[in-house]
Each structure stands twice: as structure tokens, then as C-alpha cells.
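This report is intended for a reader who meets the structure for the first time.

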Amino acid sequence: MSMWRPPERIRHEPVSGPWPSAERAARSRLFSPAQLGPLRLEQRTWVPAMVPWRATDDGFVSPNVLAWYERFARGRPGAIVIEATGIRDVPSGPLLRIGDDRFIPGIRQLADVVREASGGHTRLLIQLIDFLAMRRRPERGKYFERLLRITPEHREKMGLHDAQESVVRERLAALDEDALRTVLTPRELESLEHGYRERVTDVELEHIANLPRTLPKLFSDAAVRAEAAGLDGVELHYAHAYTMASFLSATNTRMDGYGGSREARVRLPLEVLSAVRAAVSRNFAVGCRFLAEECIEGGSSVDDAVWYATQFAKAGMDFVSVSRGGKFDDAKQPKVGEAAYPYTGKSGYECMPSYYSDKLGPFGRNLPPSKLIRAAMQAAGHSTPLVTAGGIHNFDQAETVLASDQADVVGFARQALADPDWFTKVMSGRGAEVRLCMYTNYCEALDQRHREVTCELWDREGLEQPGVARSTDGKRRLVAPDWS
Ligand SMILES: Cc1cc2nc3c(=O)[nH]c(=O)nc-3n(C[C@H](O)[C@H](O)[C@H](O)COP(=O)(O)O)c2cc1C
Ligand code: SF4
């Protein structure tokens, strides 16, 4: 499954720009403190959530998870957000989980490791995620033999009212693609061609109808565990292709007071926030990540985001972090036996733009909307700090983001992966030693295949050295080499 690229295919290269001296860095906005509710950052730098595919199959923190965050912590950014972590106590493969108290000790160990490696300079948050069920794209034969539920509509359309079910199945399987389109519903076609995927609008399913009753407690229990584990805060995941973003989406047509109008779409996200707030202490930061734009047809626009942000600010979010795109709606068709992936379409490109781009390029695509969102919160009387991200890799760029009121805190996801020491290097006047991210999305392709995420700029370096932890296939080192 390849990723979508703008047809223009204009090649953009990251630029190092002038790196500051240590004195200039010390006077900069970027390396000045920020207050996010109860949370004081020593500098306005932030490593956004990145799933590295290193948890155990049961969702626990593994030695490789510890090593991954330890490496980021040594670079001493203002804050690190631990990868999207599941709030339910259900199996979800090697994705981190926090849906039960048994996950607390591992996360506490992670908090200790980050505190120690950063010398206490880096604050640590965790991204709390809920996602709905989805299945892999089935084999065609299997779909018609077993998976598809035969309905009176199928019989009606094929004139097979009294036929045995096995006959209906055989006849369906024999139809060509055009004929199938007239017999199957769009959702049935989707299940065949992309794999079954639940939506928040599937209210005929009891557990989906009940999400507004179940999610606030799931999120608040998870936040309580995060606080018990010694973290500094939580980032509620209201972005990309997942449950909470689907409530905010303009495509949410639920009729139960939790969909349709903006007011109704923001209701559950606000109810989750108040449940979380009520459950954690005042010293614990609660913020969210949401979309400045969904970047899909019929999706929420920056107008929606501006309005949501002011609601979030008014309701007491300690920070808002803005991302963009990353939806299932325009994802590419997966291969048989694979699951759809929300970063393969145009909206996925907007989320993690790579170096082949359009005129706008991959650097800072989310900055104009970030600025609008921040300005709207301020105009409504809220000084809620805004975190932005997307293609930021040099000092000037980051400093300009702050100086031009586009954000209060600057996120570096892939750049921090390419060089976790970016922050220490730049702050100490040694920016010339930074390994710049090339925005190739090699890391992202690994993520897509559920393989351990690494960066191509360092994962073959010093493989033979003793004690270097390697990927399952033995070909890549798992964390960036030391900087000496
Ligand atoms: C390997 C990888 C995993 C990611 N996982 C998450 C995630 O768990 N949650 C999230 O909100 N964003 C995730 N993202 C998106 C990043 O946080 C960030 O928004 C995006 O990469 C754009 O910023 P950048 O240009 O600085 O990389 C991930 C990105 C990458 C490359
Ligand atoms: S693999 Fe490395 S250089 Fe390529 S986009 Fe990812 S972090 Fe950047």
C-alpha cells in the first residue's frame, strides 16, 4: 500500500537555515518556558505522539518501549507525548494500552526512565485513544460464503425469494463487479473491497449507540491511571480517524443529540473532558489533539475547528494540539488480508506530508489554520496554549511560528525521530550537528506495515556494535545512535 502524493510531484528539501549561537538560543522564544495549565514546560518544544510498534502483544510497556522514550528524553525537549494508548481492556496487538490498573506499573517505569534520562527537564504526557472495530479486507470467496449476512434485499434484487441461502450466496459470488454494485449496499461493498469498519453513526449497534454513555468513564479511568503512573498530563485523542474525531466530524449524522449540528458534535468531546477533569487532580494537565481540517470531502473545515477550539478553551482544556487529515474516508484500498490504513489518501498526505509535494510543500501546511484557531481562542478571551506540528525542522522556522502567533508550542515529530538530540544541539549552539529529516516517510511506511518504526538516516549505523538492540528481522537498530 503506497501513500498518496500530490500530482505536481515537486521535490522539496529541508533547509538547515542559520542555526543560533547558544546565546541567541537562550534569548529565543523557542527555548523560553510555557505554561499549559498546571504544566510548566522549560521550552516550547514538543515531541508529538508517534506509535513505534514496540509494545508487547498484550499492550504492556516493553524494554524496547522504554528504550525508545529514553532516547527521545536524552534530547531534552520541553515535552514528550507517549504514543496513542488504548483506553479499553481489549486485545489490540502491540499497541500500548491503559485500560486496566495492571498497565500502571509499566507506564510508571516509563515515567521514571524519561525523568531520569532528561534530568527532569522534559514533561511527559500520554495520548489517550479510543478506536472502533475494523477488519482486514476479506478474500472474495470467504466474503460470499460466510461473512456477508444475506438479507431480504439481496433476495429481492436477485429474484430469489424462496431460494436456499447457499444458493443466494453462490449466485452473489458469480456476479461481476457492475452487477454487484446494484445488489450490495454501499456498506456491504465497502466490507468486501476494504474490510468491515464500524462508524459512530452505526447506532443500530447497541455498543455504538451507547458510546456517549461509556466513553466518558473509559477516558476518565484511563486518565486516573496516567496520573497514578506519575505522568504530567493526558492528551485526549480527538484527531485523525478515531472515535472522538468521528464525533466531531461534519460527517457525523447521529440523531441522538451527539451528531448533526456543531453543538451536538462537540457534546461528547466536552463530556469526556469534564469526566476526565473531575477525576484527576488540579496538578494534572488535560488537553486534546484535534483536526484543524479533516481534508476530506464533506469533512469539517477550519471554521468548525475554530469553533471547537473556543468551546474546548472555555471548558478548560489546558492546551489544544492541532493536526490535520489522517482519515479513513479517502484511504487506499488495502490488499486482501490487510486492513485499511488512514494515512494512505490525500487526507493522510496532509497529516504527514512527504518531500514530493505541491507548490505549498510539506513544511508548515497546518500553520495558517493554527493561527486562525489560536486567534479565535484569544478573541474569545482564552489564552489556552496551542501546539502545532507538520514539517518543522529548523530553528528559524520554529521561531517564526512563535513570533507570528501561529502557535505557542512547536511540535517536531519526524524531525525528533531523525535526530532526538535536535533540542540539545540547537540550544547549545551546535545546530550544525543536527541530522535533518528528509521527509521521505520511510518511517511512516514501517508504521503502516506494523513494523518497528525507525529512521533510514540512522537505522543501519553501527549495527555491529555490542548491545545495539535490533528490529525483529535483525536488519535495523531500534534507536538512534548516541551523539558524542
Ligand atoms: C511513525 C508515526 C507515528 C505516528 N503516530 C501518531 C499517534 O500515535 N498519534 C498522533 O496523534 N499522531 C501520530 N503521528 C503524527 C505525528 O504526531 C505528526 O502529527 C505528523 O508526523 C506531522 O508532524 P511532523 O511533520 O513533525 O512529523 C505519527 C507520525 C508518524 C511518522
Ligand atoms: S525515515 Fe527519517 S528522514 Fe525519513 S521521514 Fe522518517 S524521520 Fe524523516
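Lys425 is buried, with a relative accessible area of 4%. In this predicted model, the side chain of Lys425 meets that of Asp419 in a salt bridge, with 2.7 Å from N to O. Asp419 likewise counts as buried, because its relative accessibility is 0%. In general, side chains of opposite charge can pair when their charged atoms come close. A search of the whole structure finds 36 salt bridges.

**A network of charged residues**

Several salt bridges join into a network that links Arg187, Glu190, Arg197, Arg199 and Asp202. Arg187 and Glu190 are separated by about one helical turn, because they stand three residues apart in helix α8, which covers residues 186-193. Glu190 is buried, its relative accessible area being 16%. Arg187 has a relative accessibility of 28% and therefore counts as partly exposed.

Asp202 also forms a salt bridge with Arg187, and here the closest N and O atoms are 2.8 Å apart. This pair links distant parts of the chain: Arg187 belongs to helix α8, whereas Asp202 sits in the loop between α8 and α9, 15 residues apart. Asp202 is buried, with 4% relative accessible area.

| Salt bridge | N to O distance |
|---|---|
| Asp419 and Lys425 | 2.7 Å |
| Asp202 and Arg187 | 2.8 Å |

A polar atom of the Glu399 side chain lies 2.9 Å from the backbone nitrogen of Leu30. Apart from neighbours within four places in sequence, the contacts of Glu399 are Arg24, Ser28, Arg29 and Leu30.

**Helix α10 and its surroundings**

Helix α10 comprises 18 residues, numbered 211-228. From its first C-alpha to its last, helix α10 reaches 25 Å, close to the 26 Å expected at 1.5 Å a residue. Its buried residues are Leu211, Pro212, Leu215, Pro216, Phe219, Ser220, Ala222, Ala223, Arg225 and Ala226. These buried residues of α10 pack against several elements, including α3, β6 (123-129), β7 (233-238) and α13 (267-279). Helices α9 (206-209) and α11 (243-248) are also among the elements against which they pack. Just after α10, Gly230 takes a positive phi of about 90°.

Helix α3 contains Asp112 and spans residues 104-117. Asp112 counts as partly exposed, because its relative accessibility is 36%. The side chain of Asp112 is joined to that of Arg115 by a polar contact of 3.1 Å. Asp112 and Leu231 are 119 residues apart along the chain, and their C-alpha atoms are separated by 9.2 Å.

**A buried glycine in a loop**

Is Gly325 buried or exposed? Gly325 is buried, with a relative accessible area of 0%. Its place is in the loop between β9 (320-323) and α15 (346-351). Not counting residues up to four places away in sequence, Gly325 touches His240, Leu291, Glu293, Glu294, Cys295, Ser347 and Cys351. The C-alpha atom of Gly325 is separated by 10.0 Å from that of Ser300, 25 residues apart along the chain.

**The surroundings of ligand 1**

There are 20 residues around ligand 1, and those that come nearest are Ala49, Gln127, Arg289, Gly391 and Arg414. Polar backbone atoms face oxygen atoms of the ligand at several places. For Gly391, the distance from a polar backbone atom to an oxygen atom of ligand 1 is 2.6 Å. An oxygen atom of ligand 1 is 2.9 Å from a polar backbone atom of Ala49, and for Ala413 the corresponding distance is 2.9 Å.

Technical notes
Residues numbered from 1 in each chain as written. Chains lettered and ligands numbered in written order. Predicted model: local features only at pLDDT ≥ 70, side-chain atom pairs only at ≥ 80, totals over all residues. Heavy atoms only, no water. Helix = DSSP H or I, 4+ residues; strand = E, 2+ residues; numbered from the N terminus. Buried < 20%, exposed > 50% of the residue type's maximum accessible area, 1.4 Å probe, protein only. Polar contact = N/O pair within 3.5 Å; in protein donor to acceptor, adjacent residues only side chain to side chain. Contact = heavy atoms within 4.5 Å. Expected span 1.5 Å × (residues − 1). Near = heavy atom within 4 Å. Salt bridge = Lys/Arg side-chain N within 4 Å of Asp/Glu carboxyl O.
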